[in-house]
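Subject: Handover of a structure and notes on its contents

Dear colleague,

Please find below the sequence and structure that I am passing to you. My notes on what was found follow directly after it.

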Amino acid sequence: MSGLPVRGAFHHAAVVVSSLTASVEFYQRCFGGEVEYIEGVGGAGMAALHGLPSADFDLAFLDYGNARIELFQFRDPPSPEAARLPANQVGAGHVAFEVDDVEESYAALVAAGVEFSRPPLVPTEGPAAGFHLAFCFDPDGNRIEIIAPPQEEAPPPRPARLVELRIADGVGRERFLGLMEKVLSATAAEPGAEQFVLHHVEGEPLHFYIYERYVDPAAVETHHHQPELGELLGALKPLLAEPPRMIELAALTVARA
C-alpha cells in the first residue's frame, strides 16, 4: 500500500481544560498516571504553531505507561466557554482507559461523583461486540471511555474420578498387574485421556486406586466403549474381592492470597 513515509508510535492525546490544577487532580484521582511535567508555555512561535494570534498557556503531561495525556489550560487567548460536544460532532473526541472490570470501575467512579452518560453496555454486534463499555465526563465535559475486552469463558473442568480396586488374594496380584498394564497401554492411545494412573495403597498390597482424567465427557464415553477395555475388564473381574468403587471428582476453584 502506497502512502506517506511517516511511521511512528502513538505518543499522546491532548485535552483542553479550564483548570489545569483541577484536571490533573481529576485524572490522577480517577485513572492514576504520573505527572511527567507541568510548565507554562507561550510566545509568537507557539501562537503560530497552534494557529492562534497569541499563545500563553500551561500544560501538563500525565504518563500512563504506553501513552500520555496532555492537558492544556489557555490563558491567552482565553478558551471559549466550555460546551459539551455531542458524540457525533465532527472534531469531538475522547480518551479511553482499559480497566479490568468496567462494572466495578463504573461503581467506584459514580461513588466519586463522576458523571456517566448511562450505565455500562456490552454491544452484541459489530467490532465492539463483547466489549464492556461506558462513557463518563471530566470536569469540563470532555468524554472519557472506560473499556474492558471480552472475557474468555473458563473452560469446563476436566472429568476426573478415582476407581478403587481390591484384589481377592495375593496369587491374583501379578495377574492383575499384567492385565492393568494392558489397560494402561490401551488408554494411553486414546486422544481424550489426559491421565490414567494406577496407584498402590501403602502397606496394603491388594488395594489399588486408578486416577482417571479426560479432556471432556465425550472422551469418557469413548474410553468406556473401547472394545479392548471391555475384554480386559472381563478378565479382571474374577480377580477382584469386590466390585470396583467409582468416586467422581469435582474440581474446586481455590482463591489465592
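**Notes on the structure**

A polar contact of 2.4 Å joins the side chain of aspartate 58 to that of arginine 75; such a contact is a pair of N or O atoms within 3.5 Å, where within protein one must be able to donate a hydrogen and the other to accept it, and residues adjacent in sequence count only if both atoms are side-chain atoms. The model is a predicted one, in which local features need pLDDT of at least 70 and side-chain atom pairs count only at pLDDT 80 or more, while totals for chains, interfaces and linings use all residues. Residues are numbered from 1 along each chain as its sequence is written, and side-chain values use heavy atoms, with hydrogens and water left out.

Aspartate 58 belongs to strand β3 (strands are DSSP runs of E with at least two residues, helices are runs of H or I with at least four, and both are numbered from the N terminus). Residues touched by aspartate 58, not counting those up to four places away in sequence, include Leu20, Glu39, Leu71 and Arg75, contact being heavy atoms within 4.5 Å. The C-alpha atom of aspartate 58 is separated by 5.9 Å from that of valine 41, 17 residues apart along the chain.

**Aromatic pairs**

Eleven aromatic pairs are found in a search of the whole structure. Rings of Phe, Tyr and Trp (its six-membered ring) pair if their centres lie within 6.5 Å, and the pair is called stacked with planes under 30 degrees apart, edge-to-face over 60, and tilted for the rest. Phenylalanine 26 and tyrosine 27 have ring centres 5.3 Å apart and planes at 90°, so this pair is edge-to-face. Both phenylalanine 26 and tyrosine 27 are buried (under 20% relative accessible area, with exposed meaning over 50% and partly exposed in between, for a 1.4 Å probe and protein chains only). The pair of phenylalanine 57 and phenylalanine 74 is tilted, at 5.0 Å centre to centre and 50° between the planes. This pair links distant parts of the chain, as phenylalanine 57 is in strand β3 and phenylalanine 74 in strand β4, 17 residues apart. A cluster linked by ring pairs holds Phe26, Tyr27, Phe31, Tyr64 and Phe97.

**Nonpolar cores**

The largest nonpolar core has 26 residues, of which Tyr27, Phe31 and Leu71 touch the most other members. Such a core is a set of buried Ala, Val, Leu, Ile, Met, Phe, Trp, Tyr and Cys residues joined through side-chain atoms within 4.5 Å. At least two residues of this core come from each of α1, β3 (56-63), β4, β5, α3, β6 and β7. With six residues, α1 gives the most to this core. Another core, of 19 residues, lies apart from it and has Ala193, Val220, Leu232 and Leu236 among its members.

**An open sheet and its helices**

Three strands form an open sheet in the order β5-β7-β6, with mixed pairing (two strands pair if DSSP finds at least two bridges between them). β5 (94-98) and β6 (132-137) are at the edges with a single partner strand each, so one side of each is left without a neighbour in the sheet. From one strand to the next, the twist averages 25°. Angles run from 0 to 180 degrees between N-to-C directions, with axes being lines fitted to C-alpha atoms, for helices over the stretch in contact. β6 and strand β7 (residues 143-148) run antiparallel and are joined by six bridges; in β7, isoleucine 147 is the bridge partner of leucine 133. Helix α1 (residues 20-31) packs on the sheet and touches β5, β6 and β7, with its direction at about 15° to that of β7. Helix α3 (residues 102-111) also packs on the sheet, where it touches β6 and β7 and makes about 145° with the direction of β7.

**Around arginine 161**

Strand β8 (residues 160-166) contains arginine 161, which counts as buried because its relative accessibility is 10%. Its side chain makes polar contacts with the side chains of histidine 224 (3.3 Å) and glutamate 248 (3.0 Å). Seven bridges join β8 to the antiparallel strand β10 (residues 207-214).
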